[in-house]
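Please read these notes with the structure open beside you.

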Amino acid sequence: MPCGGHKRKRKRKSQLVGFLFVVPALLLVGLFFLTPVAMTAWMSLHRWPLLGQPRFIGLDNYWRMLSDTGFWDAMGFTVLYTVVVTIAIFAVAFPLAIFVEKPRPLQNVFRTIYFLPVVVGFAAASLLWVWLLNVDNGLFSPLMERLGLTNGRVNLLGSFDLAFASIITMVVWKVAGFTMIILMTGLQSIPEDITEAARIDGVSALKRFRFLTLPLMRRTVGLALILCISGSMLAFDQFYIMVSGGPQNQTLTAVYWIFNQSFVSFRLGYGSALSIVLLAILVAISVVQLWIIRDPKEDAR
């Protein structure tokens, strides 16, 4: 018994030490995430003008949201953007991850070059690409004209299709390096003897990727997907800086609509309600993704 009591005491001490290490993170999460979320939820129950006294109105902001076609149009565009940009990012990041994961000359140089755009902020990257896409003094439009690809200079931000494609290209340039690093770590975690055995058995590269690499990278791909989709659903900077929601308000994202309601129309309570709904949608999407990428074999255990 004394021995068992000593073990329990040592276990409690170890748990206490572990809890003390976690406390700073819990304080930061509570201060900078949970507290603002709680304040936003409280504001969403009020008519909260920029100036003046807030008035409690219950769930009226949420009922109003149901008939807000502008918000649902913005949400629809956000979903479209998220699907397209996620596919584009993975289409670029996965080949890059496979390329830089294998030992080769100048491997670290390639990794650094591909990752460099990640360190540039979205606002700075957007301003850079506004200049690159400028119809008169930029790079792409005059270059396309000189190469004979277009008859005259084309405003690459002047129509929805061109602006959408330009923003997708900028985001892929900016984000693909980060996704590449995540996927590369997943590739490096696959035991070499497994892939070597499959290669010796004559399994083609495509089948190895489909039936070996992807299943073993389930969690890594899931993490990259969650980060990519969450970030895309919250897109704002690039659309605000590069096209200001245009042309003809066709590129208004959900966050852009919330910004307009909160800080242009000064309906802070309604903007808070929209923010809470968007947060709930993001949480639901993340839960569904985690459920999809779960390992049924581990659940069976």
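The numbered points below go through some helix contacts and one loop of this predicted model.

1. Start with helix α5, residues 122–132, where A125, S126, W129 and L132 are buried. These residues cover an arc of only 115° around the axis, so they sit on the same side of α5. What do they pack against? The buried residues of α5 pack against α6 (140–146), α7 (160–188) and α11 (237–242).

2. T169 is a residue of helix α7. T169 counts as partly exposed because its relative accessibility is 44%, between the limits of 20% and 50%. Along the chain, T169 and W129 are 40 residues apart, while their C-alpha atoms are separated by 9.8 Å. W129 is itself one of the buried residues of α5.

3. Two packed helices are described by the angle between their axes and the distance between the axes. For α3 (residues 69–101) and α7, the axes come within 6 Å and cross at roughly 45°. The two helices are therefore oblique to each other. Their crossing is right-handed. Sorted by class, the contact of α3 with α7 has 27 nonpolar, two polar and one charged residues.

4. Helix α10 (residues 218–233) packs on helix α13 (residues 268–292) at an angle of about 165°, and the axes are 10 Å apart. The angle is over 145 degrees, which means that α10 is roughly antiparallel to α13. The crossing of α10 and α13 is right-handed. On the α10 side the contact is made by R218, L225, I226, I229, S230 and M233. They meet L278, I281, L282, I285, S286, Q289, L290 and I292 in α13. By class, this contact of α10 with α13 has ten nonpolar, three polar and one charged residues.

5. Now turn to the loop between α11 and α12 (254–264), where P247 is found. Most residues other than glycine have a negative phi, and most peptide bonds are trans. Is the bond from G246 to P247 cis or trans? The peptide bond from G246 to P247 is cis, with omega near 0°.

6. S244, in the loop between α11 and α12, has a positive phi of about 50° although it is not a glycine. N249 is found in the loop between α11 and α12 as well, and its phi is positive, near 55°. S244 is partly exposed, with a relative accessible area of 46%, whereas N249 counts as exposed at 55% relative accessibility.

Notes
Residues numbered from 1 in each chain as written. Predicted model: local features only at pLDDT ≥ 70, side-chain atom pairs only at ≥ 80, totals over all residues. Heavy atoms only, no water. Buried < 20%, exposed > 50% of the residue type's maximum accessible area, 1.4 Å probe, protein only. Helix = DSSP H or I, 4+ residues; strand = E, 2+ residues; numbered from the N terminus. Arc of directions from axis to C-beta. Contact = heavy atoms within 4.5 Å. Axes fitted to C-alpha atoms, helices over the stretch in contact; angles between N-to-C directions. Parallel < 35°, antiparallel > 145°, perpendicular 65-115°, else oblique. Left-handed = near helix turned anticlockwise from the far one by under 90°. Nonpolar A, V, L, I, M, F, W, Y, C, P; charged D, E, K, R; others polar.
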